Amino acid sequence: MVLGLSGGIACYKTAELCRALVKAGASVQVVMTEAAEHFMTAVTLQALSGRPVYTSQWDAREANNMAHINLSREADALVVAPASADFMAKLLHGRADDLLSLMCLARPLDSVPLIVAPAMNREMWANPATQRNVAQLKADGVHVLDVGQGDQACGETGDGRMLEADEILEDLQAFFTPPVLRGRHVLVTAGPTYEAIDPVRGITNLSSGKMGFAIARAARMAGAQVSLVAGPVSLPTPRGVQRVAVRSAQEMLQAVQAQVDSVDVFIACAAVADWRPAASADQKIKKDGTGQTPQLHFVENPDILATVAQSPRAQSGALYCVGFAAESHDLLAHATAKRARKQVPLLVGNIGPSTFGQDDNALLLVDAQGATELPRASKLDLADDLIAEIARRR
Ligand code: C5P
């Protein structure tokens, strides 16, 4: 892809973006405007991209002397980050007095998308001229990424920061992901639950939440509106996903029930505690020095997945439910039995001890047609494949 930089202090983030794109497997051709070169040297971006940087439309390296044509025809996309207020105003008017704007104008409209990541001071961003330009660029088919919010290099605080490199990378990946769940609302549960014994102690489990968070991310990439009900884990919320933080199984059930009537797909990935202490003490249970140990009594937690799967919408097929099974052996037999017991169309089996806390996993999908293996891979990749499988069945 072509990575274009116009002038702005956010150029420093583009160095990291360039590296992240290369790491993700993209071939990156950097093009800089003269203004960008005041903020970042071409040497830095050449080193990070592994290719000489283009800065001038008069560059004689191209045999036909038409870098704007050659580079824009080879690219899968033109990404301008940062896109300054001035550069967007230029794009809007179809002006082409430097290599980058020339390329944007010369790109084949149908096959080479133009994606811009705006970056500017909050007053510049809020200015009606900029907002008018952004609206018109969108109407012209340019994909304008959001801006970030917060402290700005100028010392002011507000909207207009360029997104961070990892956020832009995620938005770019979403842009290129087939939108197989566009228009769908997906609800995912993830992580462990925590069942309080007293205000400072509780019972939980080793679920890291990584698989469920990866699934929420993959569903959003595939175009879905995604809600993630998560037990206590410190993972960052995937971009564009609405997270509801809960602790206990009962709280998780409540949060799920508050949303489930409007969702199309429910994926129960959380490791929900089967039991909770019958009573949680209001105050910390103290050692009294007699050597006596407290007696804990348990009651069964609600089965969130089974509850949802029995609802009329799930039974009629309007809501597609996906369950998980973490087993230690006989995965196929246990997953098949659990699918029947929970009355869900799709049950995803995995081996608990070899997935908890890991970054990779292997999945066994069991549905009415039989079993499909998704071999060991990163949880991010498996989540993409699982979402594609769900979309196919939905
Ligand atoms: O019965 P078991 O815990 O093995 O079932 C696992 C599946 O059921 C997972 O999808 C899990 O998220 C879900 N589950 C639930 N509520 C429970 C227990 C399990 O939603 N109380």
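Around the ligand sit Ala268, Ala270, Val272, Asp274, Pro302, Asp303, Ile304, Leu305, Gly323, Phe324, Lys338 and Lys342, where a residue makes the list if one of its heavy atoms lies within 4 Å of the molecule. Bear in mind that this is a predicted model, with local features needing pLDDT of at least 70 and side-chain atom pairs counted only at pLDDT 80 or more, while totals for chains, interfaces and linings use all residues. Residues are numbered from 1 along each chain as its sequence is written, and side-chain values use heavy atoms, with hydrogens and water left out.

| Residue (backbone atom) | Ligand atom | Distance |
|---|---|---|
| Pro302 | nitrogen | 2.8 Å |
| Ile304 | nitrogen | 3.0 Å |
| Leu305 | oxygen | 2.8 Å |

On its own the ligand has 440 Å² of accessible area, and the protein covers 86% of that. Accessible areas here come from the Shrake-Rupley method with a 1.4 Å probe; for residues, only the protein chains shown count as cover.

Now for the sheet. Eight strands make up an open sheet in the order S12-S11-S8-S13-S16-S17-S18-S19, and the pairing is mixed. Strands and helices are DSSP runs numbered from the N terminus (helices are H or I with at least four residues, strands E with at least two), and two strands pair if DSSP finds at least two bridges between them. At the edges are S12 (242-245) and S19 (370-378), each pairing on one side only. From one strand to the next, the twist averages 20°. Axes are lines fitted to C-alpha atoms, for helices over the stretch in contact, and angles run from 0 to 180 degrees between N-to-C directions.

Two helices pack on this sheet. Helix H9 (residues 210-221) touches S8 (185-190), S11 (225-230), S12, S13, S16 and S18 (360-367), and its direction makes about 170° with that of S11. Helix H14 (residues 379-393) touches S13, S16, S17 (346-351), S18 and S19, at about 155° to the direction of S19. Contact means heavy atoms within 4.5 Å.

What about S16 itself? S13 (residues 265-268) and S16 (residues 320-327) run parallel, paired over four bridges. Val265 has Tyr320 as its bridge partner, and Ile267 has Val322. S16 also pairs in the parallel sense with S17, over six bridges. Seven of the eight residues of S16 are buried, so the strand is largely enclosed by the rest of the structure. Buried means under 20% relative accessible area, exposed over 50%, and partly exposed in between (1.4 Å probe, protein chains only).

Which residue of S17 does Glu327 stand opposite? Ile351 is the one. Glu327 belongs to S16 and is buried, at a relative accessible area of 13%. The Glu327 side chain makes a polar contact of 3.1 Å with the side chain of Lys338, and Lys338 is also one of the residues around the ligand. Leaving aside neighbours within four places in sequence, Glu327 is in contact with His334, Lys338, Asn350, Ile351, Gly352 and Pro353.

Elsewhere in the chain, helix H3 (residues 67-74) has Ala67, His68, Asn70, Leu71 and Ser72 as its buried residues. These pack against strand S1 (2-5), strand S2 (29-32) and helix H5 (99-106). Ala36 sits in the loop between S2 and helix H2 (42-49). Is Ala36 buried or exposed? Ala36 counts as buried, at 0% relative accessibility. Beyond residues up to four places away in sequence, Ala36 touches Leu5, Ser6, Gly7 and Cys11.

As for the whole chain, the secondary structure comes to 14 helices and 19 strands. The C-alpha atoms fill a box of roughly 85 × 55 × 40 Å along the principal axes. Of the 394 residues, 50% are buried. Among contacts with a separation of 6 or more, 66% are between residues 24 or more positions apart. The chain exposes about 19,000 Å², with carbon and sulfur atoms supplying 50% of it.

Notes: A polar contact is a pair of N or O atoms within 3.5 Å; within protein, one must be able to donate a hydrogen and the other to accept it, and residues adjacent in sequence count only if both atoms are side-chain atoms.
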